[in-house]
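Please open the structure in the viewer and keep the selection panel at hand.

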Amino acid sequence: MPVESKELISLLKQCEKKDRKSQDELYKQFYGYSMGVCLRYSNDRNEAIEILNLGFFKVLTQLNKYNKELSFKGWLRRIMINTAIDYYRRNVKHQHFVDVSYAKDESVNFDALDQISEKEILEAIQLLPPSYKLVFNLFVIEGFKHEEISEKVGISVGTSKSNLAVARNKLQKILKVIEIERFRNHG
Amino acid sequence: MDDKRFDDVIKNKVGEYVDPNFDEGAIGGLHQYLSTAQPIPWYVLYRSPLIIAGTLALFTLFNWMIIRDYASDNNDLNTTSFNEEMGKHQGLISDLREEVDRLKDVKVDTVFISSDRNVQSNPISFEKASAGVSEEEIIRAFLVKISEGGSIGRIGDFYFYHEDELPSLKEFLALGNKDTELDGSSLAMAYPQQDTLWKEFQVEQKKADSGAMPVLVIRGLEKHYSKGIGLKLGIEAEIAANKPDLGSGEALPGFGLLTELVFSPSLGLETGLKFKNRSYTISDPSVDVLSSYPDINDRLGEVQSIEVDSRLLEIPVNLKYYYPIRQGREVYFGLGLSPNLYLSQVFEYGHPSEAIPDLPADFSLNNTVEKGKPKFYLGTFNAGTGMSFDLRNKRAVQIGLFYQKTLKDVGVEERGMSSYGLKASYWWRLR
């Protein structure tokens, strides 16, 4: 029994027939949602778009594998995440780091965290080194266990735990910087 | 800070984040991926076996028709089977029948005939009829009898003679039997009336060995009665193996609509319009080679292979010579030229699949460039040979081999090409 609307099922069928107009429509319809996922795994917007397009390419070429009894959004999300993981594996050599040493020993408080916007948090996540960012996203946002992350990313469970800890620490420091900047800007 | 709480806050903030800004330019990247990476068609896996099987099937059909033709024993051809063979010459017979009514009323003057080669020693004499009609009409009347009665065996054993030589008749007889010296003065023979001739002819027929009408006699008859330029219309299918001057080609089919101007039973000019595909692949092309190929996308990495698919219209102009090998069977030889109108060319450049991360295993990375502006090229030199098999109702089937070579480089990339293959055509004689 399909869980998606008739309109979406019909659109997916057209996409399966390589109808370019329908493909574009599906892309536009799920762009925002997919971009929200991809932005978290990328260093910047351009990289997010590249991951998004690769993900959609996989979606459109593997639509026949989509089980219509499951949520399309869930399937799409899994593909985007897997695409991001593969993208990380291929581009790991290009990873770069942000210097947050000046903010060490600082930590963000939860009240201040509530004041920081979703966009700012996303930008903060993007500043994390790719390996930390990947583990952080998979563990914190997607809810994977370290054993699963270890298998998916190809790292040891210990590395996964370590990366998560460092990622949390760095993210908190970045958010603290953002908080300080916000305080300065608003007096 | 409590890690669990921190994680929950982050997850709640960005876990279901939907980006509000749609980047119109982003979709272009997807389009590029979709256009450069295409699924490998299922038939690619079976392309070679299919080509081999198709070629074998065509060769088998060709050989079967040849063997069937020669395997039949001419000596076993009895009167009935001969009638059937004659029936296939509907074109000739129908022409002859048009004259039947008129000629039935014609009182035959003279026909010179003998049923024995040694005519001087044992001539058959008939009463000479009164004069009044031309010699040509007399001969036609005789031939009408043959075609109507159909109970004729070896016409080559029957000679026409005349005191005064008839050039056309002499030619006809020379075709029938090369041993015959036509010398009217020394072979003054019989002068039968038409009915007597026919009766005597039937008698001699029984004595004679049964056999087929010599093909050259048939050709002589056809030439004798051919009037003006004939016209044939045909459809043709072919499979041609392409061989470029670099790389390897593919065997691909072609189809066409042809017409043939029949100048004589032996000579025709074939022309028409054929749609063909030419395809070839170059692996690991050098820089020099790449320089002549259009729109290579350097961003996708080095070009590992080039596949070129060209669609073209061919306008063949071939002179064909037909040589009869038996009744209803001819060998033909053809030579000519075929100007080419290239309709479109598709250049598919193969790049390393690593250029697009995470490309599924069953996908290859190809950058496809299409050049759709039609352009004329001098085309090819053509040579071919094959067999022509007459069917009923002025129809015929031809099966043959052909070879083509480009006279000058063709295509956007300017590459020489030769091709060879099998073709089969079905013809209707319109006139």
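A charge is said to sit over a ring if NZ of Lys or CZ of Arg is within 6 Å of the ring centre and within 35 degrees of the ring normal. Select B:Lys232 and B:Trp427: the lysine lies over the face of B:Trp427, at 5.5 Å from the ring centre. Select next B:Lys320 and B:Tyr332, where the charged end of B:Lys320 is 4.6 Å from the centre of the tyrosine ring and sits over that ring.

This is a predicted model, in which local features need pLDDT of at least 70 and side-chain atom pairs count only at pLDDT 80 or more, while totals for chains, interfaces and linings use all residues. Residues are numbered from 1 along each chain as its sequence is written, chains are lettered from A in the order in which they are written, and side-chain values use heavy atoms, with hydrogens and water left out.

Now select A:Tyr27 and A:Tyr31. Their rings form an aromatic pair (ring centres of Phe, Tyr or the six-membered ring of Trp within 6.5 Å; planes under 30 degrees apart are stacked, over 60 edge-to-face, the rest tilted). This pair is tilted, with 5.8 Å centre to centre and 50° between the planes. Both tyrosines belong to helix 2 (residues 20-41) of chain A, and because they are four residues apart there, about one helical turn separates them. Helices here are DSSP runs of H or I with at least four residues, numbered from the N terminus.

Are these tyrosines buried or exposed? Buried means under 20% relative accessible area, exposed over 50%, and partly exposed in between (1.4 Å probe, protein chains only). A:Tyr27 is buried at 0%, and A:Tyr31 is buried at 1%.

Move to A:Phe57 and B:Tyr33, whose ring centres are 6.2 Å apart with planes at 50°, so this pair is also tilted. A:Phe57 lies in helix 3 (residues 45-61) of chain A and B:Tyr33 in helix 2 (residues 26-36) of chain B, so the pair joins two chains.

Finally, display both chains together. In contact (heavy atoms within 4.5 Å) are 33 residues of chain B and 45 residues of chain A. Four salt bridges are counted between the chains, a salt bridge being a side-chain nitrogen of Lys or Arg within 4 Å of a carboxyl oxygen of Asp or Glu. Select A:Arg77 and B:Glu16, which form a salt bridge with their closest N and O atoms 3.6 Å apart.
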